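Subject: Handover of a two-chain model

Dear colleague,

Please find below the structure that I am handing over to you. My notes on what was found in it follow directly after.

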Amino acid sequence: MKKRLLSLLVAVSMSIGAMACGAYETEDTAADASTADTGSGSESSEKVFRYSDTVEPTTIDPSKANSIVDNELIHACQESLVRGTGGKVEPGIAESWELSEDGLTYTFHLRDTNWSDGQPVTADDFVYGLQRLLDPATASEYAFIGEYVKNGYEVETGEMEVSELGVRAEDDKTLVLELETPCAYFLSMVGTASQYVPIRKDIVESYGADFAATADKNVYSGPFKLVSTDNMMYVFEKNDQYWNKDAINLDRVEFSVISEPNTAVAMYENGELDFVKLPTDSVAQYDDIDSEFMNGNEDYLYINEESTNKIVSNKNFRKALNYGLNRNDYIALATNNVYSPSNTLVMPLVGGVSKSYGEEYTLDSYPLDGDIDVAKEYLEKAMSEEGYSDPSEIEIELTTTDLEASKKIAEVLQELWQNALGITVTIRQVTYADIYGSVLPNGDYQIAYGGWGPDYSDPYTYLELFKSDCSYNYSNYKNDEFDKLLEDSKTETDVKARMDMLNEAEKIILEDAAFVPLQCRQQHYLLNDKFTGVEFYFCSINIDWVYADVE
Amino acid sequence: MAKYIIKRVIAAIITLFVLITVVFFLVRLMPGEPFTSAKLTEEVALNMEKYYGFDKPLYMQYFQYIGNLLHGNFGYSMFYTNKTVNYIIGQGFPFSADVGIRALMLAISFGIVFGILAAKNRGTKIDFFCVIVAILGTSIPDFIMGALLQYFFGIKWGLLPVAKYRGFEYTILPACALAFYTLASVSRIMRASMLEVVQQDYIKTAKAKGLSNFRITVKHQIRNAIMPVITMLGPTVASVLTGTFVIESIFAIPGMGKYYVESVTQNDYSMILGMTVFYGMFLVVCNLIVDILYGIVDPRVRIGGK
């Protein structure tokens, strides 16, 4: 018995020994030490902001950035011509600028400022940044955002050389940028889109395809410089070369990728993080202490106008679907009231003439509670037009992704429509990669669940989804009047007249019931209340901590 | 012995080659394409396909891939543009392996000890305890185990960090959570195998020769009973060391686990291939080591191998 105990002891001590020695220790112990300091209390004078997200940035290469998180990180470490913060546009590297009479040519005057390695930022860096974005050899997923620049499309498709792009450096400090058509929201887009920041040609050429793969493989022009991207943690430090560094208060920011949202919440509760996004299913738990912002994502059901199921492309039937849906019930059942119901195409927060679009224009749309009587009238009309005698003969298919949340949404809609209209709704699930890869582009669906996040703060970003020549027009919708309004809005230089046109276009699309609006997404979050100045926005960037401070 | 090893190595290389080929062509059959952002325009998609060489015939792409692989190059990820698959594995593997090794040490040592104790004290309270541990270990899924450990030790009692990897204390909970299942299966197998060995004639012979109880247990019983444990260790080591999605995401360990799962949903061809080949190589090597270990532990295998 004693000997048996001995062997047990040997085995235990062996395993503990192995654990204590450790096969691997983290490399950046310096970084860890300082984190530990600030994590334990406020005795350190360094101002550190620690936050997390569930998704990992796809890249920090400005030309290739294609997700909100990519944009947020690049926004903090690179400075564009102008800087957008919570919807306000302020001078960035461009001290001042002029726009020509015809609204086509911007002349930017750049200030004297340096990259994090001490080299001056020049107009050539901006020219190179845009040329690289549109160069087919770069293969940027977000190249289309450069099509605003003159000849942008031609360069992107290889019909023109990159040198023919409508952007040039008059001298080191003067940048001339020509637009394809006048664009009212151009500057506000430049203020948040990372694709318009300057890029250093010599750095790109020395690293090749590895450019910006890690923190040390790029230089930084923004308020912060990236010092580490190792181990799913992005560490920023204040950039002392930044032109406006006196306005920057934080010394260090740590962004961690934590794919399990409940772990991030637990870390927040333990004081290991200062900001977390709440997963929708735990919003109710934190009702008293959480806050929320609109993240700009609108969810829709696309309706295929060219569907083989004729009833689906019938306008009266589409109206019946829209009137027959009680959106308040839907929100309660499908999202636990976390999101807010929507009955329009354009998210109301986007910029209007002088206030937000939603404040300036109110639309007469489908009632949020639905209207069964109106819906039944439209259904009757649709049935007589398409030769049905009873609603139960109608069968439509709703395509959604295999994500749990999308499945739930489809099931709730199925239930609500079947009860309200007496039709049959079947559900088809495809993978997420499949829905944007083939189902929507090929029109291989009847009704499909999708959504849109804005690229700039203007109604056009949503309306374009139904323009007949737009590559995102998945519903194959075509209305000449609608197309003409959008086309004319591009050349209209009077802001009010232009906004009226866009509003008119939205009315048309709602009148045509070309889609089923579902919801605006709200993001609930927990933020340590000692931090001030953290901005939330709905377009390209959700969280902006550039001007944040510790009380 | 040398001949035995060479044969095993050749078999391993062929296995790997078949694996690479099958996976290379299978990923192309998955629905959807790697570039499936909601905002992708046709023009951009064309540029991206050209960039990744998708415009070339498939067999050319295959030979190119094999060529790169021979240089140890897995290529660039199609989702995390600018990062190579080699870089991502290089970043994640040390963390996965670190937590994995700790978990394995725990699992194997405690598992074997529990198995032996249970078998030696069959029908007693000790046996009962070990069997309970084994049943719990195999029936509680790792995400529940992880969440429970995290809740009690991390949040409620504040004894250990909730998540992330910044030092030794951060590895304790994930290693324990990860070890639990393996520990349970090792102890079950060890117990069963010990009980079988005890019945063997050579144990009776050893007893008859008057050997001490300790000597019989260590030299004759354990050495023979451990064979099935070694068998299961090959695949277990490979899967534990290359990272597990669930435990790593619960404890926010920056390991490799998440890329396995993610790459498939993202249709990131080069990442899927890279991960599969890496895991495949690891598995093949582990099995090779197990085969060689057999030869050392049990001379019968060596003879049979000839």
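Glu43(B) belongs to helix 2 (residues 42-51) of chain B; helices (H or I, at least four residues) and strands (E, at least two) are DSSP runs, numbered from the N terminus. Please note that this is a predicted model, in which local features need pLDDT of at least 70 and side-chain atom pairs count only at pLDDT 80 or more, while totals for chains, interfaces and linings use all residues. Residues are numbered from 1 along each chain as its sequence is written, and chains are lettered from A and ligands numbered from 1 in the order in which they are written.

Why is Glu43(B) classed as partly exposed? It has 17 other C-beta atoms within 10 Å; a residue is buried if 20 or more other C-beta atoms lie within 10 Å of its own, exposed if 12 or fewer, and partly exposed in between, with C-beta atoms placed from the backbone. Neighbours within four places in sequence aside, Glu43(B) is in contact with Glu156(A) and Thr157(A), where contact requires that the C-beta atoms, placed from the backbone, lie within 7 Å.

**Where the chains meet**

The contact between the chains draws on 54 residues of chain A and 56 residues of chain B. On the side of chain A that touches chain B, the elements giving two or more residues are helix 1 (2-21), helix 8 (261-269) and helix 14 (432-439) of chain A. Helix 1 of chain A gives the most, with 10 residues. By class, this side of chain A has 25 nonpolar, 16 polar and 13 charged residues. Here Ala, Val, Leu, Ile, Met, Phe, Trp, Tyr, Cys and Pro count as nonpolar, Asp, Glu, Lys and Arg as charged, and the others, Gly among them, as polar.

**The two chains**

Chain A has 17 helices and 21 strands. Its C-alpha trace spans about 85 × 80 × 45 Å along the principal axes. Of the 551 residues in chain A, 50% are buried. Among contacts in chain A with a separation of 6 or more, 67% are between residues 24 or more positions apart.

Chain B has 14 helices and 0 strands. Its C-alpha atoms fill a box of roughly 85 × 60 × 30 Å, taken along the principal axes. Buried residues make up 43% of the 306 residues in chain B. Residues 24 or more positions apart account for 74% of the contacts in chain B with a separation of 6 or more.

**Sheet and hairpins of chain A**

An open sheet of 4 strands in chain A has the order 4-5-7-6, with antiparallel pairing; two strands pair if DSSP finds at least two bridges between them. Its edge strands are strand 4 and strand 6 (167-171) of chain A, each of which pairs on one side only. The twist averages 20 degrees from one strand to the next; axes are lines fitted to C-alpha atoms, for helices over the stretch in contact, and angles run from 0 to 180 degrees between N-to-C directions.

Within this sheet, strand 4 (residues 94-99) and strand 5 (residues 105-110) of chain A pair in the antiparallel sense over 5 bridges, and Glu98(A) stands opposite Thr107(A) in strand 5. Their hairpin has 5 residues between the strands, and in it Gly103(A) takes a positive phi near 75 degrees. Strand 6 of chain A is joined to the antiparallel strand 7 (residues 174-178) of chain A by 4 bridges, with Val167(A) opposite Leu177(A). Helix 4 (residues 123-134) of chain A lies across strand 5, strand 6 and strand 7 of chain A, at about 170 degrees to strand 6.

**Nonpolar cores**

A nonpolar core is a set of buried Ala, Val, Leu, Ile, Met, Phe, Trp, Tyr and Cys residues joined through C-beta atoms within 7 Å. The largest has 222 residues, and Leu301(A) and Leu463(A) have the most contacts inside it. Helix 4 (residues 85-120) of chain B gives the most to this core, with 18 residues. A second, separate core of 17 residues includes Tyr65(B), Met78(B), Val85(B) and Met256(B).

With kind regards

Conventions:
Two residues are in contact if their C-beta atoms, placed from the backbone, lie within 7 Å.
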